[in-house]
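Hi,

Here is the structure I promised to pass on.

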Amino acid sequence: MQTRCVTPNEAGQRLDKLLTKILNQAPKSFIYKMLRKKNITLNGKKADGSEKLSVGDQITLWLADETIDKFSQSTISRVRVHLDILYEDPDILVINKPAGVLSQKAAAQDISVNEEIISYMLDSGQAVEEDFKSFRPAACHRLDRNTSGVLIAGKSMQGLQDMSQLIRERQVGKYYCCLVCGHVAKGAVIEGYLVKDPVKNKVLVLESGNSMSDYIKTVYEPLASNGQMTLLWVHLITGRSHQIRAHLAAAGHPIAGDPKYGNPRENHRLYEKYHLKYQLLHCIQMTMPKDTLRLTKISGKTFRAPLPRKFTDLLLGEKITDKVDCHGNLEFKRP
């Protein structure tokens, strides 16, 4: 027999949903049978699984320890941690994600930022493995594998829920720097519609929408140019898959190094000269609104990530701008 007290990370969900996480190897039919037979009780009373849990509720498993152990296998594996942490509090972790790292797993064998965060919290003593049976910290949004920059994760259920809601409702300002082909003389607001091709893992930008498309809006302005390439500051209004990459390519200014939407001839030149294999797209800044729901510690804050070395080397090497220091910090004054 075991009794557990519902934690803040477990509260707010249905009892049966939490039980499927605790007894993660048990069939749902077994869990509901145990509820019916009062072998699993909530606050000492019979429950059917639909009850919404509150902090401090007592869940008792009137089962043999061997049975509980059999149905409660841990799936956590420690990984090496390489997190570049920009900000941290009990609910939120903000990192500077390098290019080449997944935000979330694409396949079972992948190692992503999420796995690194779990290992970081275990290694730093902020959590024990038991804590992750019912809740896993995770990134609140995604950056493409080869897009670098500011990535925000929820360390707690409150952090994950509230930050995800703020991003979903477009309350968070998302700003990127990218290097594009061609000379861009002035800024613009571009709109369109995006259609996904799941087979090719690409998107197509259309001028008018249909039932299969999503509306997109991107704002950009030039920061510097050498006449052949331009450094852009991009404000992402909507946040669709590959939006910036496809939208700028459709506007005639593909991102340097982009293997999906880029200029093959220019990509080859940059590979030969700088060994560039991926798009120079970096989430440089995310700004929080004043109302951050329960996440009051980050109200009105701005998180900024310096450009990666490959990006700064190319800016200097192509004589696009020298207004970037050795740490990747741009000297341009931006919002």
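This is a predicted model: local features need pLDDT of at least 70, side-chain atom pairs count only at pLDDT 80 or more; totals for chains, interfaces and linings use all residues.

Let's start with the largest pocket, which has a volume of about 1000 Å³. A total of 34 residues line it, and if you want to find its centre on screen, go to Arg142, Leu143, Asp144, Ser241 and His242, which lie nearest to that point. Helix H5 (157-168), strand E9 (173-181) and helix H6 (243-250) are the elements that each give two or more residues to this lining.

Sorted by class, the second pocket's lining has seven nonpolar, five polar and four charged residues.

**Nonpolar cores**

Which residues touch the most other members of the largest nonpolar core? They are Ile152, Met163 and Leu248, in a core of 51 residues. H4 turns up again here, as the element that gives the most to this core, with six residues.

Ile152 is a handy one to click on. Setting aside neighbours within four places in sequence, Ile152 is in contact with Ile92, Leu93, Val94, Ala139, Cys140, His141, Met163, Met286, Met288 and Phe303. So that list includes Met163, another of the residues named above for touching the most core members.

There is also another core, lying apart from the largest one; it has 22 residues, among them Leu223, Met229, Leu280 and Leu307.

Leu281 sits in strand E14 (residues 281-287). Is Leu281 buried or exposed? Its relative accessibility is 5%, and the cut-off for buried is under 20%, so Leu281 counts as buried.

Not counting residues up to four places away in sequence, Leu281 touches Thr147, Ser148, Tyr176, Cys177, Cys178, Ile244, Arg245, Ile255 and Phe311. Take Ser148 from that list: Leu281 and Ser148 are 133 residues apart in sequence, yet their C-alpha atoms are 6.7 Å apart in space.

Cheers

Key. Residues are numbered from 1 along each chain as its sequence is written. Side-chain values use heavy atoms; hydrogens and water are left out. On a 1 Å grid over the protein atoms alone, a cavity is a set of points where a 1.4 Å probe fits but cannot get out, and a pocket is an open set with protein on both sides within 12 Å along at least five of seven lines; lining residues have an atom within 4 Å of a point. Grid points are joined across faces, edges and corners, and a volume is the space filled by probe spheres set on the points. Helices (H or I, at least four residues) and strands (E, at least two) are DSSP runs, numbered from the N terminus. Ala, Val, Leu, Ile, Met, Phe, Trp, Tyr, Cys and Pro count as nonpolar, Asp, Glu, Lys and Arg as charged, and the others, Gly among them, as polar. Buried means under 20% relative accessible area, exposed over 50%, partly exposed in between (1.4 Å probe, protein chains only). Contact means heavy atoms within 4.5 Å. A nonpolar core is a set of buried Ala, Val, Leu, Ile, Met, Phe, Trp, Tyr and Cys residues joined through side-chain atoms within 4.5 Å.
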